[in-house]
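Please read the points below with the model open beside you.

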Amino acid sequence: MSEIAVQTSGLTKKFGDFVAVDQVSIDVKRGEIFGFLGANGAGKTTMIRMLCGLLKPTSGEGKVTGLDLYAESERIKQKIGYMSQKFSLYNDLTLSENIDFYGGIYGLNPTDIEFKKNQLLADLQLTPWRDKLTGTLPPGFKQGLALGTAMLHDPSIVFLDEPTSGVDPSSRRAFWDVIYQTASRGITVFVTTHFMDEAEYCHRISIMSTGKIIALDRPDNLREKYKLPTIQSVFVHLMRQASTH
Ligand SMILES: Nc1ncnc2c1ncn2[C@@H]1O[C@H](COP(=O)(O)OP(=O)(O)OP(=O)(O)O)[C@@H](O)[C@H]1O
Ligand SMILES: [Mg+2]
């Protein structure tokens, strides 16, 4: 299996004349937790949609699990899991029904779905909730289930677009435990967040501003480089710098 999960070179997306993602070059390793930070409108979701094979780049190169973004987007979709920013599970379906629904979308047969469902619910200690409506779950549990559901087809990489927005701090911690377990199984986690404490948990982070990557390194290296105590303060510093250029 390739040790590089994501590789892009000069990847660019324009909407008309507007450049949403501007010449982005990144490498993400297998099993890495890669934090993708940036202010609102920086281009994070657009980048993720290109990497998931959902949006065709305007120019530049890119591979996900060794597959080309232009020529092999359909194969990419089978290899990745995606938790979108706006939407995850249906609130008015039961937990069991949501898993059946997504398992079907991922092309699993009913026997496999049943097996995975039992395993997933047990792992998340949600077995007693199996036939309850998903909307009644506390947000942290719902997002944990959404992540598990996005991995029913055993993808080698998952893209999580603000998975913890609207989730309380202790549930966010629990959700990050699931992210760590996922990465320790060799699955790459590509995650966007506006929470700077979560950025500290990532192996590496990139910081994006108006479509460009303006910093990319391990959190400790970034703190050291800018001589600032937290990623929060590094982020604020870089955003101020970017707005004055
Ligand atoms: N389909 C589209 N057509 C035109 N402009 C778009 C389209 N999708 C995104 N944009 C614009 O591209 C820019 C980047 O948007 P994107 O959603 O990628 O940002 P983001 O970093 O995910 O922001 P947020 O943190 O708010 O989710 C924004 O200015 C947005 O309005
Ligand atoms: Mg977004």
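This is a predicted model: local features need pLDDT of at least 70, side-chain atom pairs count only at pLDDT 80 or more; totals for chains, interfaces and linings use all residues.

1. Helix H8 (residues 219-226) and helix H9 (residues 231-243) pack with their axes 9 Å apart and at an angle of about 60°, and they are therefore oblique to each other, a word kept for angles that are neither under 35 degrees (roughly parallel), nor over 145 (roughly antiparallel), nor 65 to 115 (roughly perpendicular). H8 passes H9 in a left-handed crossing, where left-handed says that the near helix is turned anticlockwise from the far one by less than a right angle, and right-handed that it is turned clockwise. On the H8 side the contact is made by Pro-219, Leu-222, Arg-223 and Tyr-226, and on the H9 side by Ile-231, Val-234 and His-237; contact requires C-beta atoms, placed from the backbone, within 7 Å. By class, these residues are five nonpolar, one polar and one charged, with Ala, Val, Leu, Ile, Met, Phe, Trp, Tyr, Cys and Pro taken as nonpolar, Asp, Glu, Lys and Arg as charged, and the others, Gly among them, as polar.

2. Residues are numbered from 1 along each chain as its sequence is written, and chains are lettered from A and ligands numbered from 1 in the order in which they are written. Helices (H or I, at least four residues) and strands (E, at least two) are DSSP runs, numbered from the N terminus, and axes are lines fitted to C-alpha atoms, for helices over the stretch in contact, with angles running from 0 to 180 degrees between N-to-C directions.

3. For helix H3 (residues 95-105) and helix H4 (residues 110-123), the axes cross at roughly 135° and come within 10 Å, and the two helices are therefore oblique to each other. Their crossing is right-handed. Leu-95, Ser-96, Ile-99, Asp-100 and Gly-103 of H3 meet Ile-113, Lys-116, Lys-117, Leu-120 and Leu-121 of H4, a set that divides into five nonpolar, two polar and three charged residues.

4. Helix H5 (residues 139-150) packs on H6 with the axes 8 Å apart, at an angle of about 20°, which makes H5 roughly parallel to H6. The crossing of this pair is right-handed. Phe-175, placed in helix H6 (residues 169-184), has 22 C-beta neighbours inside 10 Å and therefore counts as buried, the cut-offs being 20 or more other C-beta atoms within 10 Å for buried, 12 or fewer for exposed, and partly exposed in between, with C-beta atoms placed from the backbone. Beyond its neighbours within four places in sequence, Phe-175 is in contact with Gly-140, Gln-143, Gly-144, Pro-163, Thr-164 and Val-167.

5. Seven of the eight residues of H1 are buried, so H1 is largely enclosed by the rest of the structure.

Terms used
Two residues are in contact if their C-beta atoms, placed from the backbone, lie within 7 Å.
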